[in-house]
Amino acid sequence: GACLSGKPEVLYRVFDIISPEDCYFDEFKIIMKAIKELVEKQTEVDIAVVSEYLRQKGELDKVGGLEFLVKLYNSTVATANASAYAKLVRKYSTARKIEEISKWGYENAGMLDNDELLNAISEKIIQLRENKPRDKSEVLSDIIDGFSHVSPYFKTGYNVIDRYVRMERRTYNVIAARPGVGKTSLALNMGLNMSKEKIHVLFVSYEMSTDELLKRALSAESSVAYDKIQSGNIGETDAQALLEASARIAEDYTIEITDTAPHDVNSFTNYVKKRHAELPLDVVFIDYMQLMSSKGYGYGGSRVAEISDISMKIKRLARELNISIIALSQLSRAIEKRGENSEPRLSDLKESSSIEQDADSVIFLYGDEEDLALGDISIKVAKNRNGQVGDGRLYFRKSIQKFEEVGNKNVL
């Protein structure tokens with residue numbers, strides 16, 4: 001009834017909260033859909049305009065004619081309460097949808113195995129949450145809360161990256177490179193830097209074992225050469241440095257490294273949710289995306305479609321859990337075919353164009369053969385939804401698996 005008043009402030013407030021499908025009765029759905037379509041066409045709304053619009057669509061009689069519209073309008077007590085009424089409509093609509101999901105789960109309990117059923121129900125709940133409009137006051141409150149903290153985003157410890165990209169909550173960020181450039185080491189270094197600031201980090205590895213990654217972490221934190229740790233050729237001084245680094249990582253750094261997370265993206269999201277429920281996470285690293293899978297695509301399905309599904313669900317997970325996800329990705333061989341000095345492009349992201357569409361930021365690591373041998377790594381922020389793009393350089397001390405700012409370059 002309040003929407004039939006045609007007041008713009010009422011219409012925009014109401015449609016910020018509900019959609020026509022949130023209405024329970026069909027006639028209300030039809031009327032609200034008509035009003036919304038008129039608003040989108042920038043047509044002034046009143047009883048006569050809505051009535052004529054419904055008549056042209058052959059739907060006026062379905063809602064009870066002009067008489068019902070007039071009755072509806074006259075029943076409105078105060079348009080000032082329209083937002084409160086809309087929130088009630090949304091509340092009951094959400095309750096009905098939850099009931100429908102529960103009913104669907106009960107009906108399919110004997111047809112799907114437990115994991116498939118849980119994943120399907122989780123997907124439906126996630127979609128329900130994503131479709132829920134956030135009240136303006138909620139959004140503004142979150143923004144103001146962010147200002148109250150010293151740092152509203154997670155610093156990587158590298159100015160060349162932090163000056164462009166803010167690893168904020170609810171963001172999905174991608175670091176991409178060809179094999180052997182050092183993307184795993186950079187991600188691990190970033191995770192260690194963050195965890196020193198008591199940021200809770202989960203580092204999920206599909207390529208290397210936890211033992212191997214911890215050895216790299218020890219090398220970076222102790223400055224003891226990685227090959228010495230691998231071989232066990234450790235002197236007294238190095239042993240003391242490793243003991244101190246080990247104590248810091250174990251006791252002071254809030255990072256967990258795992259190689260046991262499920263490869264299937266649906267099982268992975270449930271795994272991360274469980275870990276998040278046990279101890280709230282801030283940042284999750286994934287090494288790397290192309291080693292994940294998605295049930296339903298199988299060996300005969302499209303790998304491009306599969307990676308697109310994985311990318312979409314990673315983005316959705318970041319938003320649902322209010323965390324930052326930093327996913328590593330491989331680049332295709334196209335960059336090598338273009339020539340030695342060619343810079344990566346967004347189209348080089350391996351197996352899917354959806355990664356570049358879904359990601360809030362994309363960071364490339366690259367360099368020619370000579371630069372890579374010297375540890376001189378080029379950084380390119382190729383996409384940044386929340387800021388500028390740009391270039392820079394980092395120095396990779398491969399002997400201790402550590403990335404440093406170029407100004408700190410100091411070869412062992």
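Tutor: Helices α10 and α12 are roughly perpendicular to each other. In general, angles under 35 degrees count as roughly parallel, over 145 as roughly antiparallel, 65 to 115 as roughly perpendicular, and the rest as oblique. This is a predicted model, in which local features need pLDDT of at least 70 and side-chain atom pairs count only at pLDDT 80 or more, while totals for chains, interfaces and linings use all residues. Residues are numbered from 1 along each chain as its sequence is written, and side-chain values use heavy atoms, leaving out hydrogens and water.

Student: At what angle do α10 and α12 pack, and how far apart are their axes?

Tutor: Axes are lines fitted to C-alpha atoms, for helices over the stretch in contact, and angles run from 0 to 180 degrees between N-to-C directions. Here α10 and α12 (residues 236-252) pack at about 110 degrees, and their axes are 9 Å apart. Helices (H or I, at least four residues) and strands (E, at least two) are DSSP runs, numbered from the N terminus.

Student: Is the crossing of α10 and α12 left-handed or right-handed, and which residues make the contact?

Tutor: A crossing is left-handed if the near helix is turned anticlockwise from the far one by less than a right angle, and right-handed if clockwise. The α10 and α12 crossing is right-handed. Contact means heavy atoms within 4.5 Å. From α10 come A217, L218, E221 and S222, and from α12 come A241, L242, A245, S246, R248 and I249. By class, 6 of these are nonpolar, 2 polar and 2 charged. Ala, Val, Leu, Ile, Met, Phe, Trp, Tyr, Cys and Pro count as nonpolar, Asp, Glu, Lys and Arg as charged, and the others, Gly among them, as polar.

Student: At what angle does α9 pack against α10?

Tutor: Helix α9 (residues 183-196) packs on α10 (residues 210-222) at about 65 degrees, with the axes 10 Å apart. That makes α9 roughly perpendicular to α10. The crossing of α9 and α10 is right-handed. On the α9 side are T184, S185, L188, N189, L192 and K196, meeting L213, R216, A217, A220 and E221 of α10. The residues of this contact divide into 5 nonpolar, 3 polar and 3 charged.

Student: Which residues touch the most other members of the largest nonpolar core?

Tutor: In soluble globular proteins, nonpolar side chains tend to be buried together. A nonpolar core is a set of buried Ala, Val, Leu, Ile, Met, Phe, Trp, Tyr and Cys residues joined through side-chain atoms within 4.5 Å. Buried means under 20% relative accessible area, exposed over 50%, and partly exposed in between (1.4 Å probe, protein chains only). The largest core has 44 residues, and I161, M167, M190, M194 and F285 touch the most other members. Helix α9 gives the most to this core, with 6 residues. Another core, of 32 residues, lies apart from it and includes Y172, F268, M292 and L321.

Student: Which residues does F285 touch?

Tutor: Not counting residues up to four places away in sequence, F285 touches A187, M190, G191, M194, V201, L202, F203, V204 and I326.

Student: Where is V63, and is V63 buried or exposed?

Tutor: V63 sits in the loop between α3 (47-56) and α4 (65-74). Its relative accessibility is 3%, so V63 counts as buried. Beyond neighbours within four places in sequence, V63 is in contact with E27, I30, I31, L54 and F68.

Student: What backbone features deserve a look?

Tutor: One is a cis peptide bond, which joins D287 and Y288, with omega of about -5 degrees. Y288 is in the loop between β4 (283-287) and α14 (303-321). N322 is in the loop between α14 and β5 (324-330), and is partly exposed, with a relative accessible area of 34%. Q401, also not a glycine, has a positive phi near 55 degrees. Q401 lies in the loop between β8 and β9 (402-405) and is buried, at 7%.

Student: How many helices and strands does the chain have?

Tutor: The chain has 17 helices and 9 strands. Of its 412 residues, 48% count as buried.
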